[in-house]
Amino acid sequence: MSEQASQATLGRAVLTEPRLRASVFEGRGLKSRLLTGFTWFLAALAALPLISVIYMLVAKGGARISWETLTALPPAAFEFGGGIGPAIVGTLVMVLIGSLISIPVGILAAIYLAEVAPSSRLAQVARFLAKVLTGFPSILAGVFVYAVLVISMRSYSAIAGGISLAVLMLPTVILTAEEALKQVPQRMKDAAYGMGCTRAQVIGKVTLPTATPGIITGVLLAVAGASGESAPLLFTALFSSYYISGLEGLAEPTASLSILIYNFSGMPYDNQIELAWTASLVLVLMVLALNILARVLGRRKA
Amino acid sequence: MSAVLAIDPTETGEFIAEPYQPEGATVIDCNVERIFYGDFLAVRDSTVPVEKNKITAFIGPSGCGKSTVLRSLNRMNDLIPVFRFQGRVDYHGQDIYAKDVDPVVVRRYIGMVFQQPNPFSMSIYDNVAFGLKLNKFKGDYDEKVQTALERAALWKEVKDKLKNSGLSLSGGQQQRLCIARAIATEPDVLLMDEPCSALDPIATRQVEELMLELRERFTVGLVTHNMQQATRVGDTTAFFSVDISKGGRTGYLVEMGPTQAVFEDPKQDLTKEYVRGEFS
Amino acid sequence: MASNPFTEVVTKISKAPSSGEYAADKLLRGIVWACAAVILLLVAYIVFELGRQAFPAIIRFGIDFLIGTTWDVQKQTFGILPEIWGTLFSSLLALLLGGGLGVAMAIFLTQDFLDDRVSNVFRTVVEMLAAIPSVVYGLWGIYVLIPLIRPASQWLNETLGWIPLFGTSLSGPGMAPAALVLAVMILPTVAAISVDAFRRVPYKVKEAAYGMGTTRWEAILKVMLPTASSGILAALVLGFGRALGETMALAMLIGNSNQISLSLFAPANTLASLLASSFPEAGPLEVKALMYAALALLAITLLVNILGLWVMKAATRKFEGKA
């Protein structure tokens, strides 16, 4: 009865039926559609440079890929042929030096930030500075290492180059490792404490092993970033046309892919420019391989 | 001590439960005067003896401090920075809150099973062997692991996949794995903090049967929000309540005794109401 | 060391941690503390060392260094106003382009425009843009971008030359290719942080907007964008900071010319590329001057980054309830 009454009043109140069908040319709908189209355009625009870069790398860089190019010494000004062998080795060696320093220090620092004293004053300051350092211009790492190392060693060197890379990798390693350590569920740590683990045992036996996939992902991303760096190597490692010779070679100027690209890009010889493209291809493949590996490992964890 | 307490303990009612005098030997004599989280008084005046080879059930409405008291028995609460304990907890006659006692040592003797199953992300075998390795056990690991899994009634289900991750098991199996892990080192006390709250009824029944068997060998402290569970497995029951009269939330012991007595012939009106299900 | 009072307790296995275990515990705490302290020392050392190296130049050139417009080794006069201008101008242009594209990309990725597969493609595009090394962008800029925009620059200069932005034509390297490449390089930073900002907006906010009968774009522009605005602001500031310090691509594309010009097609210079191009061959006094320039770059980027982090913190806090 009351239902009928309410329906009656409703019927009287709504005099015109609402039009529910959308019209193509109605203002709101049209605007919405235009904006959507525009967004698609912008997204495609963002992809354009990537496609162009990849095309150039494959077309120009791929043309010169051969075992000889990958191993030979770089050519002198008017020479033909030659390769990028020392640069590949130099990049690998300096990234290795950077990793050997920054990865252990970074992970241990992350343990302090995530596990030992997350809200201590030291942890708060360190976390903040690590974040600030991720935006630190890479060239300044070079200037800094030049000032403290190159001047005192009186030589450009692979060691100086590696250390400048370590300065750039450290904040990334710290922040990503801290993030990975924080993902370990508290109840898992509680279980370890409940068994009578000391704090070091909880970290060593439970937290660290559980967080390892995440830490590896972060570390690989840092390594990938360092492989592509050039500014910090410019006046720490400089360049060399020869392979690193033994351990003493680490204290001498060292080639790297990125500096080779920089040096050769401005030369007026086709041979060098072609090699710059080949070196770019090799460098991008290295960086991408590390990126993909990082993401695959990261995904497996989740 | 801070000047501003959430509530003045002297005004939260003067009621103090009559101390329960157990007939048998006790393993833990818990004598809480006050437990604070920062300035917040969480539990006051509760004396809970834990008898040897019996299951002592801690029941009460949520917020009554039953878990807090249980977690004080192996100093798990020490992991919370603002936690403060006043009173004594005597374990075989020695105060575990004495100045020179390391909580890590306490936890090695008094095992714990948590509300949520929390196996480590390692193999089933390594989960159970964890405590043995931790205590540098020298002897037959395989035998100890098997015994623990058998006592946890899990051996038959997992004996062919000991290498699989502990996380691959179902919730009920995970909880029994955690029990196996806790009893592998043969601690003489096992604290269980609502071990069945995350489990389905079938898994709950399995864990309850397990508790009754474990009683032969271990002393068990059990927090449960489920009164039927207390009547099914508890030998002794401690009933806690929470005083919210003055705006605080302070838990305290109301009554403790043999389970049958507490449920069928409670001395306190509050207990009567609670076991009749009039509040929860 | 704490004593073990429970030795009489009859359990066969439980035992107190050995002194070795306690020592390991102490050692680990000490080491991780030291490693956390490393980052403090590192930053302090960087600031101290750059300051120390630049000190003679600071004394000699003082504030004139920051407003001087010539960099002449012969006359031993050094001023970095053109570089400061070039750094800010190129970064601002990059922010207008790359920032806009980055935010658009973030909207595209978070506001249900795409099914999972397509959105994964675009996410990969953004990640790959971030992964390509600066020096490769530089190479690409020289051989693809500059030839590509040169005709356009000529046309713009001839027809709209009275506008200062198009006051010259592009003869080779210059501001426009540098800023374009810089835009591509900061796009991923802006996109990634903006995506996070949109993700932080609680679902119920979006639901409420749709519940009021908004179109998708009305929901995005009137509800989502304002709600995520502080996070997007942080993305833009941090992207700007990234652009300020970017070196190699700029050193290869901007022309390293010590002049202040509004023209998009004139060569210019930035602080970072000044360091990159002059450092290796610099004499003793020039090195001091370059250290001074490095200190200026450090100050600018630190300021912008700290500002960005501060905005971000405020933005994150907004959704963490009352606090």
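This is a predicted model: local features need pLDDT of at least 70, side-chain atom pairs count only at pLDDT 80 or more; totals for chains, interfaces and linings use all residues.
Residues are numbered from 1 along each chain as its sequence is written, and chains are lettered from A and ligands numbered from 1 in the order in which they are written.

Let me begin with chain C, whose secondary structure comes to 11 helices and 2 strands; here helices (H or I, at least four residues) and strands (E, at least two) are DSSP runs, numbered from the N terminus. Chain C has a radius of gyration of 26 Å, well over the 20 Å that the globule rule gives for 323 residues, so it is more spread out than a compact globule. That radius is taken over C-alpha atoms, and the globule rule is 2.2 Å times the number of residues to the power 0.38. Along its principal axes, the C-alpha trace of chain C spans about 95 × 65 × 35 Å. Of its 323 residues, 48% count as buried, where buried means that 20 or more other C-beta atoms, placed from the backbone, lie within 10 Å of the residue's own.

Chain C also meets chain A, and the contact takes 68 residues from chain A and 70 residues from chain C, with two residues in contact if their C-beta atoms, placed from the backbone, lie within 7 Å. On the side of chain A that touches chain C, helix H2(A) gives the most, with 17 residues. By class, that side has 50 nonpolar, 14 polar and 4 charged residues; Ala, Val, Leu, Ile, Met, Phe, Trp, Tyr, Cys and Pro count as nonpolar, Asp, Glu, Lys and Arg as charged, and the others, Gly among them, as polar.

One residue to look at here is Leu140(A), which lies in helix H6 (residues 138–153) of chain A. Is Leu140(A) buried or exposed? Leu140(A) counts as buried because it has 27 C-beta neighbours inside 10 Å. Leaving aside neighbours within four places in sequence, Leu140(A) is in contact with Ala294(C), Leu297(C) and Leu298(C).

Staying in chain A, the axes of helix H4 (residues 85–116) and helix H7 (residues 158–182) come within 6 Å and cross at roughly 35°. Such axes are lines fitted to C-alpha atoms, for helices over the stretch in contact, and angles run from 0 to 180 degrees between N-to-C directions. The residues of the contact of H4(A) with H7(A) divide into 24 nonpolar, 6 polar and 3 charged.

Finally, chain B holds an open sheet of 10 strands with mixed pairing, in the order S5-S4-S1-S2-S10-S9-S3-S8-S7-S6; two strands pair if DSSP finds at least two bridges between them. The edge strands are S5 (94–95) and S6 (110–113) of chain B, each pairing on one side only. Strand S1 (residues 26–37) and strand S4 (residues 83–91) of chain B run antiparallel and are joined by 9 bridges, with Arg88(B) in S4(B) as the bridge partner of Asn31(B).

Definitions and conventions
A residue is buried if 20 or more other C-beta atoms lie within 10 Å of its own, exposed if 12 or fewer, and partly exposed in between; C-beta atoms are placed from the backbone.
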